Amino acid sequence: MNTKYIDLINQTFYFPQDEFALDGQFLKFHNIDLKALVEEYGAPLKFTYLPQIANNINRAKGWFVAAIKKHNYPATYNYCYCTKSSHFKHVLNEALKNDIHIETSSAFDIDIVENLKQQSKITDDTYVICNGFKRAQYITNIARLINEGHNNCIPIIDNYEEIDLLSEEIKGKFKVGIRIASEEEPKFEFYTSRLGVGYRNIVPFYKNQIQNNDKVELKMLHFFINTGIRDNAYYWNELLKCLKVYISLKKICPTLDSLNIGGGFPIKNSLAFDFDYEYMVDEIINQIKIACDEAEVDVPNIFTEFGSFTVGESGGAIYEVLYQKQQNDREKWNMINSSFITTLPDTWAINKRFIMLPINRWNDGYERVLLGGLTCDSDDYYNSEQHMNAIYLPKYNKDKPLYIGFFNIGAYQETIGGFGGLQHCLIPSPKHILIDKDANGNLTTTLFSEQQKSEDLLKILGYDAN
């Protein structure tokens, strides 16, 4: 009988996969020996596999280069990293090795940009695309960057006042983009995004505030929808609406030469994940070229701002199952030695699902369980996978430790969870490991941060008299 956990996986998915394989009954991720990682560092722990960042960047760049060549598209492609996905130095350092640009969303992002410039990680030729609603400090920091010679800093205008605010602090001429306030799918709680300027108002806005303004040069139109890049009628309809605005603007604005289609590439959230990235890129380039050729305007340079796609698939978390509680005839709770609310906040906040697999005991029998976190919050649980409405794991045995991994968690979880700060119920942040390859291609591990100690939390709370 096929009663082992490995049998369940083989019956449900194609396995092994590019990043997942077994070494005996132990799981490997990108050839990382997860068993050895746990033995060396313990659990809970988080890790970042840095080579995957470069891998995904170059995959995307390859798709766009191929599509541009196929369609004889006479313009360029620029890959920007959406820094809010993960601001960590090790992430930016790895990403910037691959000839990319930066997208920012707040005032302190500019401080990071300036730090990277001091270290020669980026230059004045690097595009810095400044999104977001711009409060006074953000305006001041953008102006400082431009005044110091970074002419490829392009603030994306989010509301009608920002042109005047920027003009007051920037000494010379500067470039801007305009963000389209996208119209979301009907199932959303709102119809029009709070970000940007409405479709119908963009051309009038340009005529009123930019066209005859010698100080401001419009270079970019910015388009992004909350659901991301998907092969459905809604996405293609919104893209065509965006292209109509671009064409209308281009006909009266010769300096407009770039279209930013934002981010939104999905990342793998299940062993059953299937998304044709190459087709989507090819069709986006095709649709832009068709629309511009029909209107007899030059095609734009293409910018993207991939965040989750850049860094998401580099991250993982490993927990140990501490105990099993049989709460009724049907429900078994496997209690982990950490908290979902604090370490994987998207699972709690937006019901996001990541790939979850056991690290060991793949040759054991399996059972259906619920996963519970350590906090005393009833919402601290994980109860289903993306591909099914249940969780199956090797059967609990108090004499046989069980470790479980969550994968592709590298985007947003640290910052939303408040890395280094207070956690719900004072559950400590786990230690974090960086995994890289040396010059010979061998995997190396480095401890980035230790697990929080009680002294760290007491100091934040004001109990440390010193």
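**Close-up views of the predicted model**

**View 1. E19 is a buried residue, with a relative accessible area of 9%.** Buried here means under 20% relative accessible area, exposed means over 50%, and partly exposed is in between, as computed with a 1.4 Å probe on protein chains only. This is a predicted model, in which local features need pLDDT of at least 70 and side-chain atom pairs count only at pLDDT 80 or more, whereas totals for chains, interfaces and linings use all residues. Residues are numbered from 1 along each chain as its sequence is written, and side-chain values use heavy atoms, with hydrogens and water left out. E19 sits in the loop between α1 (5–12) and β1 (20–23), where helices (H or I, at least four residues) and strands (E, at least two) are DSSP runs numbered from the N terminus. Leaving aside residues up to four places away in sequence, E19 touches K28, F29, H30 and K268, a contact being heavy atoms within 4.5 Å. The loop between α1 and β1 also holds P16, and the peptide bond from F15 to P16 is cis, with omega near 5°.

**View 2. Helices α9 (residues 233–252) and α10 (residues 277–295) pack at an angle of about 40°, and their axes are 10 Å apart.** The axes are lines fitted to C-alpha atoms, for helices over the stretch in contact, and angles run from 0 to 180 degrees between N-to-C directions. On the α9 side the contact includes Y235, W236, L239 and L240, and on the α10 side the contributing residues include Y279, M280, E283 and I284. By class, this contact has 14 nonpolar residues, 1 polar residue and 2 charged residues; Ala, Val, Leu, Ile, Met, Phe, Trp, Tyr, Cys and Pro count as nonpolar, Asp, Glu, Lys and Arg as charged, and the others, Gly among them, as polar.

**View 3. Strand β14 (residues 315–326) runs antiparallel to strand β4 (residues 45–49), to which 4 bridges join it.** Two strands are taken to pair if DSSP finds at least two bridges between them. K46 has A317 of β14 as its bridge partner. β14 also pairs with strand β20 (residues 403–407) in the antiparallel sense over 5 bridges, and the partner of E320 in β20 is Y403. A further 5 bridges join β14 to strand β15 (residues 332–336), again antiparallel, with Q326 bridged to K332 of β15. β14 and β15 form a hairpin that has 5 residues between the strands.

**View 4. In helix α6 (residues 136–147), the end C-alpha atoms lie 16 Å apart, in agreement with the 16 Å that its 12 residues should span at 1.5 Å a residue.** The expected span is 1.5 Å times one less than the number of residues in the helix. Its buried residues are Y138, I139, N141, I142, A143, L145 and I146, and the elements they pack against include α5 (107–118), β8 (153–157) and β9 (174–181). G149, which follows α6, has a positive phi near 105°.

View 5. N351 is placed in the loop between α13 (345–349) and β16 (355–358), and N351 is exposed, with a relative accessible area of 52%. C425 lies in the loop between α14 (413–416) and β21 (431–437), and C425 counts as partly exposed at 36% relative accessibility.
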